[in-house]
Amino acid sequence: MRNKADAYLALLAEFCGPDKGMDQITRQDAAEMKQVVLTMPVNRKTKAETRDLTLREAVAVPGLPTLSTKTANSYLDMFRRFWDWAGLMYQTHQAGVSDD
């Protein structure tokens with residue numbers, strides 16, 4: 001589970017870029033991320049056609065099989081759970097509750 005979560009969140013980080021804070025991610029960004037996941041090629045990091053491409057470049061390659069609905073939903077669910085967790089951590093921090 002941990003490896004899957006790491007891979008899914010790495011995709012989110014790649015999409016958003018290294019300089020964009022969570023507080024800067026908009027609903028439009030989320031909608032675009034969803035569209036990318038729905039059109040992402042299967043095994044993009046290992047297939048010769050896409051392994052050296054950025055995420056956006058890989059999505060633009062025509063004719064490649066894309067993620068199954070089940071896998072795409074798994075990505076989107078992971079993003080939602082991460083956002084829920086981050087929101088909870090923010091609220092906890094704002095309330096002054098210790099992490100200990």
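**Close-up 1. Surroundings of Thr-50 in the predicted model.** Leaving aside neighbours within four places in sequence, Thr-50 is in contact (heavy atoms within 4.5 Å) with Pro-41, Asn-43, Arg-44, Ala-58, Val-61 and Leu-64. Thr-50 itself belongs to the loop between H2 and H3, where helices are DSSP runs of H or I with at least four residues, strands are DSSP runs of E with at least two, and both are numbered from the N terminus. Thr-50 counts as buried because its relative accessibility is 1%; buried means under 20% relative accessible area, exposed over 50%, and partly exposed in between, with a 1.4 Å probe and protein chains only. This is a predicted model, in which local features need pLDDT of at least 70 and side-chain atom pairs count only at pLDDT 80 or more, whereas totals for chains, interfaces and linings use all residues. Residues are numbered from 1 along each chain as its sequence is written, and side-chain values use heavy atoms, with hydrogens and water left out.

**Close-up 2. Backbone at Asn-43.** Asn-43, one of the residues in contact with Thr-50, has a positive phi of about 50 degrees although it is not a glycine. Asn-43 is placed in the loop between H2 and helix H3 (55-60), and with a relative accessible area of 45% it is partly exposed.

Close-up 3. The largest pocket has a volume of about 320 Å³, the volume being the space filled by probe spheres set on grid points that are joined across faces, edges and corners. On a 1 Å grid over the protein atoms alone, a pocket is an open set of points with protein on both sides within 12 Å along at least five of seven lines, unlike a cavity, where a 1.4 Å probe fits but cannot get out; lining residues have an atom within 4 Å of a point. The lining comprises 14 residues, of which Ile-25, Thr-26, Ala-30, Phe-79 and Trp-83 lie nearest the centre of the pocket. Two or more lining residues come from each of helix H1 (2-16), helix H2 (27-39) and helix H4 (69-94), and H2 gives the most, with five residues.

**Close-up 4. Trp-83 at the largest pocket.** Trp-83, which is among the lining residues nearest the pocket centre, is placed in helix H4. Not counting residues up to four places away in sequence, Trp-83 touches Leu-12, Met-22 and Ile-25. Its relative accessible area of 33% makes Trp-83 partly exposed. Between the C-alpha atoms of Trp-83 and Gln-35, which are 48 residues apart along the chain, the separation is 18 Å.

**Close-up 5. Asp-19 in the loop between H1 and H2.** Asp-19 lies in the loop that runs between H1 and H2, and at 73% relative accessibility it counts as exposed. Asp-19 and Ala-48 are 29 residues apart in sequence, and their C-alpha atoms are 29 Å apart in space.

**Setting of the close-ups in the whole protein.** The protein has four helices and zero strands, and its C-alpha trace spans about 50 × 25 × 20 Å along its principal axes. Of the 100 residues in the protein, 23% are buried. Among contacts between residues at least 6 apart in sequence, 61% join residues at least 24 apart.
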